[in-house]
Amino acid sequence: MLQLILCGQLIDGTEADPSPRQAVLVEGQRIAWVGPQSELSRTHRRDARVLDFGEGTLLPGLIDTHVHLTFNAGPDHAAVRDALERETEAHLTLRAVSNAQAHLASGVTTVRDVGGPGFLTLAIRDAMNRGQVLGPTVRAAGPAITPTRGHLHYLGGVADGAEAVGRRARQVLDAGADLVKICATGGIMTAECDPLGIHYTAAELRSAVEAAEERGKLVAAHALAGEGVARCIEAGVRSIEHCLWQDAPGEFTFRPDLAERMKAQGSVAGLTFAGVGQARYRAEVLGEDTGAELGVWKDRMERRYTAERAMINAGVRYVLHSDAGVRATPFGAFWRVLAAACYELRLTPLEAIRAVTSTAAGLLGMEGEAGRIAVGHRADLLAVKRDPALRIEALAEPWLVMKGGDIVAGSGGTLLAADGNAAAPLAMGL
């Protein structure tokens, strides 16, 4: 089926400025043509179903590179962990589907799950990617690799020492994981470990990198401490999650020498805007009562973002992600990640959008598939009524979400049935 999408402006996911009065022709699951509306032929209009968004903006479907589909986004870390340990696989599966669909309805057409119990997320991924269950495209890591009693040990990926780390990485990949997740440092969601404690040596991290590279995969490493970041870089990790330049609680020191090494080896910093990371933006811009202890976090956050701004200014590639599922970070509100990043890191809206479209697609090895509006790419698209290049909050009001040429959500982020294409224009008010 041919579908012709008309929009007031188009943001293609690259460094290009928005283009006015554009048209996108979708044939089946792919984008067949992109160009000015003035160049459309009568044949295009006659043979295709037309979706006219007037002055609205069309952009690529968004990509969240760091989520936890089975997590419940409880009010505190204990609540999230308790649900993981107490609930059955059936409950966790239903939550994962609900979480994934909430993200999809908000315009996120691809997610990367970086840690769940056992290999449950791989089965959920397969069901969604095959179209058996409505959801975004999913990349999944399975259980995170961590030392005994280390961060996320309760997910089932414990390995101590270089040989065991390599063996565990191969086990994860043999099970069908798309990547290897490893915890280079402790984490705040695991009470038994120091969040800034170093979990692995560079040699141990390198064992995971070598195992992944044997299969053409990459390693995503959780790193909350500057020393952990340094070891990740030494080991050749190409996806450094959180990438906090933290020396002590609330103390951050950016290292330009390490940034140069990151650039040289193509490492990407995954910058996290979970609930606490959004707190200042939501309180100071939106006037919301976030419940966060801002008196404690304000100074810490400012020092964190000063270091991250220095890293960005040094030219390190970065993506923005939500860590959805962790404490006070529900799925379905990805726009807040971009808005908080613009506020805290002083990004332009287009820089933030690029970080969650073309740059994110590159990190996931999906350059020719997702993250751009270009001929041959999958028709993963998001339409919004206003201009997010002027005000990023425009992304909070999705008008239409298309995944692989299928309209999956309509106005206000309402999910449509898998066979609901014919009803989509009514849902959008077209």
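Predicted model: local features only at pLDDT ≥ 70, side-chain atom pairs only at ≥ 80, totals over all residues.
**Stop 1: around Ala235.** Is Ala235 buried or exposed? Its relative accessibility is 2%, so Ala235 counts as buried. Now show what surrounds this residue. Setting aside neighbours within four places in sequence, you will find Ala235 in contact with Ala202, Leu205, Arg206 and Val209. Pick Ala202 from that group and draw a distance between the two C-alpha atoms: Ala235 and Ala202 are 5.2 Å apart in space, although 33 residues separate them in sequence.

**Stop 2: the cysteines.** Next, select the cysteines and look at their sulfur atoms. How many disulfides are there? The count comes to zero, going by the distance between sulfur atoms. A disulfide needs the two sulfur atoms within 2.5 Å. Cys193 has a relative accessibility of 12%, so this residue counts as buried.

Move on to Cys232, which is in no disulfide either. Here the nearest cysteine sulfur is that of Cys243, at 8.2 Å. With a relative accessible area of 0%, Cys232 is buried, because anything under 20% falls in that class.

**Stop 3: the whole protein.** Zoom out and switch to a cartoon view. The protein holds 14 helices and 19 strands. Turn the model along its principal axes, and the C-alpha atoms fill a box of roughly 65 × 40 × 40 Å. Does that go with a compact globule or against it? For 430 residues, a compact globule would have a radius of gyration near 22 Å, and the protein has 21 Å, which agrees.

Now think about what links the chain to itself. Take the contacts with a separation of 6 or more: 69% of them join residues 24 or more positions apart.

Stop 4: Colour the residues by accessibility. Of the 430 residues, 60% are buried. Finally, colour the charged side chains. There are 44 positive and 51 negative ones, and the centres of the two sets lie 2 Å apart.

Technical notes
Residues numbered from 1 in each chain as written. Heavy atoms only, no water. Helix = DSSP H or I, 4+ residues; strand = E, 2+ residues; numbered from the N terminus. Rg over C-alpha atoms; globule rule 2.2 N^0.38 Å. Buried < 20%, exposed > 50% of the residue type's maximum accessible area, 1.4 Å probe, protein only. Contact = heavy atoms within 4.5 Å. Lys, Arg positive; Asp, Glu negative; His and termini not counted. Charge placed at Lys NZ, Arg CZ, Asp CG, Glu CD.
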